[in-house]
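Biologist: Could you take me through one part of this model in detail? I would like a close look at a single residue and its surroundings, with the whole chain as background.

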Amino acid sequence: PRLATIVTAQAKGKENAMAVAWHTSISFKPTLYGISISPERLTYQLIVDSKEFGVNFLPFEAAKLIASVGGSGGQEIDKFQRFNIAKSKPTKTSVPILEAAYAAYECKLVDDRGYGDHRWLVGEIVAVHMMTEVFAPEETLDLNKVSPALYLGDERYITVAKDTVTRLDRQVYGRR
């Protein structure tokens, strides 16, 4: 399972959103985040033009929205209008931030490289949006308050069972 996200971008008066399951944190200092996108996608061109993108993390309850955004083309429709996607204001970029996201990153593009049929885009996280009420004091998700949307492939989504989370002490288990 991969954490499902919606990547957002805007340039030249056009904005778009697309579902992305291939993504990851790369570095703490500087704070870098990577996403994998086909260069044939409108979102890729918007990111290249604007040099910025957003990464929005949505709860499992938004799986239908994620699938709708992922299953439609931004060249043909305005996804924000068609799917009634509410936006919050960004603070450091011009990328749309989704109100439904329990967390979102605003990123400035720092690298763009090709690997196979996709591009690996690296952004420096310049702003973080969080619904603080769904995070524990150590800034991990409180699974009693939010269930992340996980993508299995083949349009199948799941989430985690909160009673299966176990914290293992690195001092004990890292030295075996």
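**A close look at one threonine**

Modeller: Happy to! Of the 176 residues of the protein chain, 44% count as buried, where buried means under 20% relative accessible area, found with a 1.4 Å probe and protein chains only. Please keep in mind that this is a predicted model, in which local features need pLDDT of at least 70, side-chain atom pairs count only at pLDDT 80 or more, and totals for chains, interfaces and linings use all residues. Residues are numbered from 1 along each chain as its sequence is written, and side-chain values use heavy atoms, leaving out hydrogens and water.

The part I would pick is threonine 5, which is found in strand β2, residues 5-11; strands here are DSSP runs of E with at least two residues, numbered from the N terminus. Threonine 5 is buried, and its relative accessible area is 0%. What does threonine 5 touch, not counting residues up to four places away in sequence? Its partners are Met18, Ala19, Val20, His23, Val55, Asn56 and Phe57, with contact meaning heavy atoms within 4.5 Å.

As for the background, 60% of the chain's contacts with a separation of 6 or more are between residues 24 or more positions apart. Along its principal axes, the C-alpha trace of the protein chain spans about 50 × 35 × 30 Å.

Note on methods:
Helices (H or I, at least four residues) and strands (E, at least two) are DSSP runs, numbered from the N terminus. Buried means under 20% relative accessible area, exposed over 50%, partly exposed in between (1.4 Å probe, protein chains only).
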